[in-house]
Amino acid sequence: MLLRTSSRAGWLAAAATVVLLALPAAQGTSSAGQSPSAPRTPWGQPDLQGVWTNSTTTPLERPADLADKSVLTEEERRTRDKEVASRSSFDRVGSLPGVGAYNEFWMERGALNHRTSLVIDPPDGKIPAMTAAGQARASALAADRKAKRDESFETLTAYDRCISRSLPGAMLPGFYNHNYQIVQTRDYVVILVEMIHDARIVPLDGRPHVSGAIRSWLGDSRGRWEGDTLVIDTRNVNDKVFERGVLFGVGGDLQLTERFRRTGVNSMDYEFTVNAPSAFTRPWTVAAPMAKIDGSIYEYACHEGNYSVPNILKGARAQEK
């Protein structure tokens, strides 16, 4: 897939680092109490507006060598941050298979924070085991994709096709373009996701969810204020994404509960809880704090520049011949 990004990677990573390194003060659960240092709108709500990033090299799940450690000291964080940056760099000779891809200039990785994983519940920092039905579905999908991935554009992933990273994937940090513009009124919050230009429009007026018969890539979201915390409940995600990776979907019975709480001029706690009983044996929670950045969201013209799909299919047909 062709990269659509800006040359802001350096200062964006620096901005993220400044805020994310303050994480030991942030606890696992967002408080509904007051945030006196956080700005407010003219109508009195906490002001979440602006452009935010959650870019970090902290892994989603806790690495095996840190199995008994949930938080790093500052010295440990600095040492490990250098090791992770070196290990993941695309500038390493021979680090990529085949013809290669982007070099490190294009990445917006951020830095390690003090937590050893983004998953904060379960306490072991691991995504819970899948149910028997969930594992069977994942295995069947993997086998089908291995056998049929290059048959048609319809057998490529939703990410390959520039459709969506689904949920919770659209709100997870990664390698670049993990930036979010929040626009806010009394009755709505809009979250524009730079990666694949997803837009989430969230009513705050107490209306019920739409019928479960109506499904979409990002589901049906409803928001409410609990003190200074914006809580968003999302349901009715379609059942078209069930996999982990660059995109991350857990199936159609997902109930996603997100919490946004501004903690300062340039910082915001962000957490979400995944409840998908057909896929996982228990709910799980991620903390991915956000740092406010200057500048604008850039157009992510993914479909317009997506030469990968025709080239993948052309290569597959040539290989068949």
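**Terms and their grounds**

Mentor: In helix α2, the residues Arg77, Arg80, Asp81 and Val84 are buried (under 20% relative accessible area, with exposed over 50% and partly exposed in between, for a 1.4 Å probe and protein chains only). This is a predicted model, in which local features need pLDDT of at least 70, side-chain atom pairs count only at pLDDT 80 or more, and totals for chains, interfaces and linings use all residues. Residues are numbered from 1 along each chain as its sequence is written, and side-chain values use heavy atoms, with hydrogens and water left out.

Trainee: How do you know that the buried residues of α2 line one face of the helix?

Mentor: Viewed down the axis of α2, the buried residues fall within an arc of 115° (taken from the directions from the helix axis to the C-beta atoms), so they line one face. The face turned away from that buried side carries the exposed residues Glu75 and Lys82.

Trainee: What makes the span of α2 agree with expectation?

Mentor: The expected span is 1.5 Å times one less than the number of residues. For the 15 residues of α2 this gives 21 Å, and the end C-alpha atoms are 21 Å apart, so the two agree. Helices such as this one are DSSP runs (H or I, at least four residues), while strands (E) need at least two, and both are numbered from the N terminus.

Trainee: Why is Thr58 called buried?

Mentor: Thr58 has 4% relative accessibility, and therefore counts as buried. Thr58 is placed in the loop between β1 (50–53) and α2 (74–88). Beyond its neighbours within four places in sequence, Thr58 is in contact (heavy atoms within 4.5 Å) with residues including Ala111, Asn113 and Leu118.

Trainee: What makes the pairing of Arg244 and Glu61 a salt bridge?

Mentor: A salt bridge requires a side-chain nitrogen of Lys or Arg within 4 Å of a carboxyl oxygen of Asp or Glu. The N to O distance for Arg244 and Glu61 is 3.8 Å, so the pair qualifies. The pair links distant parts of the chain, 183 residues apart.

Trainee: Why is Arg244 called partly exposed?

Mentor: Arg244 has 41% relative accessibility, so it counts as partly exposed.

Trainee: Are Arg222 and Asp220 buried or exposed?

Mentor: Arg222 is buried because its relative accessible area is 12%, and Asp220 is buried because its value is 10%. Their side chains meet in a salt bridge at 2.9 Å, N to O.
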